[in-house]
Amino acid sequence: MAVGRGSVSKAMALAWILGCILLLHCKIAESAVYTVGGNNGWSFSAASWPKGKTFKAGDVLVFKYNPSVHDVVPVNGAAYKGCRAPGGARAYKSGNDRITLARGRNFFICSNAGHCQSGMKVAVTAT
């Protein structure tokens, strides 16, 4: 049975699609997942947790905590330093939140009264 031009074009298109899927899968597989605070989870000692770790844009931070006591709020540098969540900031409250890191500095605080001031905050730099 002879193979026509249509069959070759379809085979090339299929190979291209499969190649794209493979590349996309490899990019996703590069991302690392970190549990903030390690075994202690999102807690009052979180500020020192990133020390010695290398993060990349696209890595995922998992915040595990008791949602009736804590939350997680991504903030900017000024809000991090002042321990104050700006109005309208999104607060994660599930107790098992997954947040993908953006390139550059990423800041997170617990917005409950006194928690950030007591060390429940973390800053991570992603390359």
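The exercises below work through a predicted model of one protein chain.

Residues are numbered from 1 along each chain as its sequence is written. Local features need pLDDT of at least 70 and side-chain atom pairs count only at pLDDT 80 or more, while totals for chains, interfaces and linings use all residues; side-chain values use heavy atoms, with hydrogens and water left out.

**Exercise 1. The chain as a whole**

Task: state the secondary structure, the burial and the contact range of the protein chain.

Solution. 
1. Helices (H or I, at least four residues) and strands (E, at least two) are DSSP runs, numbered from the N terminus. On this basis the protein chain has two helices and six strands, in the sequence order α-β-β-β-α-β-β-β.
2. Buried means under 20% relative accessible area, exposed over 50%, and partly exposed in between (1.4 Å probe, protein chains only). Of the 127 residues, 33% count as buried.
3. The chain exposes about 8100 Å², of which carbon and sulfur atoms supply 58%. These areas come from the Shrake-Rupley method with a 1.4 Å probe; for residues, only the protein chains shown count as cover.
4. A contact means heavy atoms within 4.5 Å. Of the contacts between residues at least 6 apart in sequence, 70% join residues at least 24 apart.

**Exercise 2. Strand 2 and its partners**

Task: find which strands pair with strand 2, and in which sense.

Solution. 
1. Two strands pair if DSSP finds at least two bridges between them.
2. Strand 1 pairs with strand 2 in the parallel sense, over three bridges. Within this pairing, Tyr-34 is opposite Leu-61 of strand 2.
3. Strand 4 (residues 96-100) pairs with strand 2 in the antiparallel sense, over five bridges. Here Val-62 has Arg-98 as its bridge partner.
4. Strand 2 is largely enclosed by the rest of the structure, because four of its five residues are buried.

**Exercise 3. The surroundings of Asp-59**

Task: locate Asp-59 and describe what its side chain has around it.

Solution. 
1. Asp-59 belongs to the loop between strand 1 (33-35) and strand 2 (60-64).
2. Asp-59 is buried and has no salt bridge, a term for a side-chain nitrogen of Lys or Arg within 4 Å of a carboxyl oxygen of Asp or Glu. The nearest side chain of opposite charge is that of Lys-56, 6.7 Å away. For charge, Lys and Arg count as positive and Asp and Glu as negative; His and the chain ends are not counted.
3. A polar atom of the Asp-59 side chain lies 2.9 Å from the backbone nitrogen of Ala-32.
4. Leaving out residues up to four places away in sequence, Asp-59 touches residues including Ala-32, Tyr-34, Thr-54 and Ile-99.

**Exercise 4. Strand 6 and Ala-123**

Solution. 
1. Ala-123 lies in strand 6 (residues 121-126).
2. With a relative accessible area of 15%, Ala-123 is buried.
3. Strand 5 (residues 104-109) runs antiparallel to strand 6 and is joined to it by six bridges. Phe-108 has Val-122 of strand 6 as its bridge partner.
4. Five of the six residues of strand 6 are buried, so this strand is largely enclosed by the rest of the structure.
5. Beyond four places in sequence, Ala-123 touches Pro-50, Tyr-80, Arg-105, Asn-106 and Phe-107. Val-75 is 48 residues from Ala-123 in sequence, and their C-alpha atoms are 9.7 Å apart.

How values were computed
A polar contact is a pair of N or O atoms within 3.5 Å; within protein, one must be able to donate a hydrogen and the other to accept it, and residues adjacent in sequence count only if both atoms are side-chain atoms.
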